[in-house]
Amino acid sequence: MAGLKLVSALVLCVLVVSPIATTALTCGDVSSKMASCVQYLQNGGAVPAPCCNGVRALNGMARTTPDRQTACRCLQNAARSIPNLKAPLAESLPGKCGVSIPYKISTSTNCNSVK
């Protein structure tokens, strides 16, 4: 009986201490969260609420350095593929949505240096 209690205690400790498995961020994740921002990034005006919701969700998903670097690269690739994108709008978007990110959204950002 003592052995069963010990095994149960060990299993409980493993469950409590083990980090929760997360899936790595993908460009598909970035695209889906940022899709509602495209019109704003092309035309300006008021930032749509769904766009800011996507910015905040993406920020919440990019918690590790590799995820932030992936998000940076994906944002750069997306920026290059969106016709008539206004770079200053992209650079200011996180702040307009109340989000602070550790790098500038720009095609010139070195994503490898993002921490």
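Trainee: How many helices and how many strands does the secondary structure of the protein chain come to?
Mentor: Keep in mind that this is a predicted model. Going from the N terminus, the elements run α-α-α-α-α-α. The count is therefore six helices and zero strands.

Trainee: Take contacts between residues at least 6 apart in sequence: what percentage join residues at least 24 apart?
Mentor: Start with the pairs in the protein chain that touch and sit at least 6 apart in sequence. Then ask which of those pairs join residues at least 24 apart, and you get 77%.

Trainee: Let's look at helix pairs. Are H2 and H5 parallel, perpendicular or oblique to each other?
Mentor: H2 covers residues 27-34 and H5 covers residues 65-81, and their axes lie 9 Å apart. The packing angle is about 60°. Roughly perpendicular starts at 65 degrees and roughly parallel needs an angle under 35. H2 and H5 therefore count as oblique.

Trainee: What about H2 and H4, are they roughly parallel or roughly antiparallel?
Mentor: H4 spans residues 49-61, and its axis comes within 8 Å of the axis of H2. The two cross at roughly 155°. Because angles over 145 degrees fall in that class, H2 is roughly antiparallel to H4.

Trainee: How do the residues of the contact of H2 with H4 divide into nonpolar, polar and charged?
Mentor: On the H2 side you have Asp29, Val30, Lys33 and Met34. They meet Gly54, Val55, Ala57, Leu58 and Met61 in H4, and the crossing is right-handed. The residues of this contact split into six nonpolar, one polar and two charged.

Trainee: Now some single residues. Is Ser92 buried, partly exposed or exposed?
Mentor: Ser92 is in helix H6, residues 87-96. A polar atom of the Ser92 side chain is 3.3 Å from the backbone oxygen of Leu89. The relative accessibility of Ser92 is 26%, so Ser92 is partly exposed.

Trainee: What distance separates the C-alpha atoms of Ser92 and Lys104?
Mentor: Along the chain, Ser92 and Lys104 are 12 residues apart.

Trainee: Is Ser106 buried or exposed, and which residues is Ser106 in contact with beyond its neighbours within four places in sequence?
Mentor: You'll find Ser106 in the segment after H6. Its relative accessibility is 16%, so Ser106 counts as buried. Setting aside neighbours within four places in sequence, Ser106 is in contact with Gln76 and Glu91.

Trainee: Where does Asn84 lie, and is Asn84 buried or exposed?
Mentor: Asn84 is in the loop between H5 and H6. Its phi is near 60°, a positive value in a residue other than glycine. With a relative accessibility of 64%, Asn84 counts as exposed.

Definitions and conventions:
Residues numbered from 1 in each chain as written. Predicted model: local features only at pLDDT ≥ 70, side-chain atom pairs only at ≥ 80, totals over all residues. Heavy atoms only, no water. Helix = DSSP H or I, 4+ residues; strand = E, 2+ residues; numbered from the N terminus. Buried < 20%, exposed > 50% of the residue type's maximum accessible area, 1.4 Å probe, protein only. Polar contact = N/O pair within 3.5 Å; in protein donor to acceptor, adjacent residues only side chain to side chain. Axes fitted to C-alpha atoms, helices over the stretch in contact; angles between N-to-C directions. Parallel < 35°, antiparallel > 145°, perpendicular 65-115°, else oblique. Contact = heavy atoms within 4.5 Å. Left-handed = near helix turned anticlockwise from the far one by under 90°. Nonpolar A, V, L, I, M, F, W, Y, C, P; charged D, E, K, R; others polar.
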